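I set out to record what I looked up in one protein structure. The entries follow the order in which I worked.

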Amino acid sequence: ITIDVAFRYFATRSRKFIIADTPGHEQYTRNMVTAAAGSDAAVVLVDASKLDWRTRPVALLPQTRRHALLAHLLRVPNLVFAINKLDAVDDAGAAYAAIRDALQRFADDAGLQADAIVPLSALRGDNVTRPLTGAWRTWYAGPSLLQVLERLPASSEHDAGPLAIPLQYIAKGGDGTGHQPRTLWGRIAQGRVQPGDTVQLFPSGERARVVALRRAGESVAEAAAGQSAGLVLDRQLD
C-alpha cells in the first residue's frame with residue numbers, strides 16, 4: 001500500500017508477529033513514524049537495484065538513512081537492514097558486501113546498533129524464511145530474515161514502579177443523556193493496575209479510584225506494562 005500502514009499477522013513455532021508495512025515515500029514519512037512508535041523492531045528494506053554499488057563509498061538513499069534515524073529517535077529497540085532485490089544485480093555477492101559495508105559505516109557514524117544486515121531476494125524467497133543455499137551460500141552463511149527476527153530479544157516491559165499510562169482515547173458510554181461513564185484507554189508504559197487502585201491524573205494532579213478495568217472489550221482483574229487497557233474511574237475527571 002503506497003500511503004497507509006498495512007498490518008499483517010502470522011506466527012511461527014517460537015513467536016507471534018505483527019508486521020506494520022509502512023510506505024517508503026518521503027511525503028508519507030509520518031505514517032512510518034506512527035507504525036514505528038509502537039514497534040519492537042524495525043526492518044529497513046534497502047533496494048539493491050537502486051544503488052550504484054560499484055562506486056565507493058556507496059551512497060545510500062535518503063529514505064534509508066531517514067527511516068533508520070527515526071526508528072532510533074523513537075527508541076525502537078531492534079534494527080535490521082534487509083538488502084533486497086539482489087537477484088536483479090549481476091554480482092549479488094559483491095553488491096551485498098558493498099552495501100553492507102556502507103550500511104555499517106552509516107550506523108557507526110550515526111550511533112546506531114544494527115542487529116543484522118541480511119541479503120534477500122523477496123521475488124524468489126531467497127533468505128526470507130530459510131537460509132540461503134547454492135551459489136549464494138559461498139558469500140553469506142548467516143541466518144535468514146525470519147531467523148533473525150525470531151532471535152531478537154523481546155522488549156522489556158517495566159512492571160515495577162508507579163503506573164504510567166499515556167491516554168490515547170476517552171470513550172463515553174450511555175445513551176447520550178445524563179451521566180456518561182468514561183473509559184480512559186491507553187497502553188500501559190510502566191507498572192500494573194487493578195480495580196481498587198488509586199491513580200493520579202496529570203496535569204491536574206487530581207486523584208481517583210479505579211472501579212473497573214477493561215481489555216479487548218472484556219472486564220479484567222489486572223493489566224500490566226505492555227498491555228492496552230481501559231480504566232473506569234469512580235468520578236468524572238478531565
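I worked with a predicted model, in which local features need pLDDT of at least 70 and side-chain atom pairs count only at pLDDT 80 or more, while totals for chains, interfaces and linings use all residues. Residues are numbered from 1 along each chain as its sequence is written, and side-chain values use heavy atoms, without hydrogens and water.

**Entry 1: helix 1.** I took helices as DSSP runs of H or I with at least four residues, and strands as runs of E with at least two, numbered from the N terminus. I found Thr29, Asn31, Met32, Ala35 and Ala36. These lie on the same side of helix 1 because they cover an arc of only 155° around the axis, taken from the directions from the helix axis to the C-beta atoms. On the face turned away, I noted Arg30 and Thr34 as exposed, that is, over 50%.

**Entry 2: the largest nonpolar core.** Such a core is a set of buried Ala, Val, Leu, Ile, Met, Phe, Trp, Tyr and Cys residues joined through side-chain atoms within 4.5 Å. I found 45 residues in the largest one, and Phe81, Ile83, Leu86, Ile99 and Leu103 touch the most other members. Helix 3 (92-110) supplies the largest share of this core, nine residues. Apart from this core I recorded another of 15 residues, including Val199 and Leu233.

Terms used: Buried means under 20% relative accessible area, exposed over 50%, partly exposed in between (1.4 Å probe, protein chains only).
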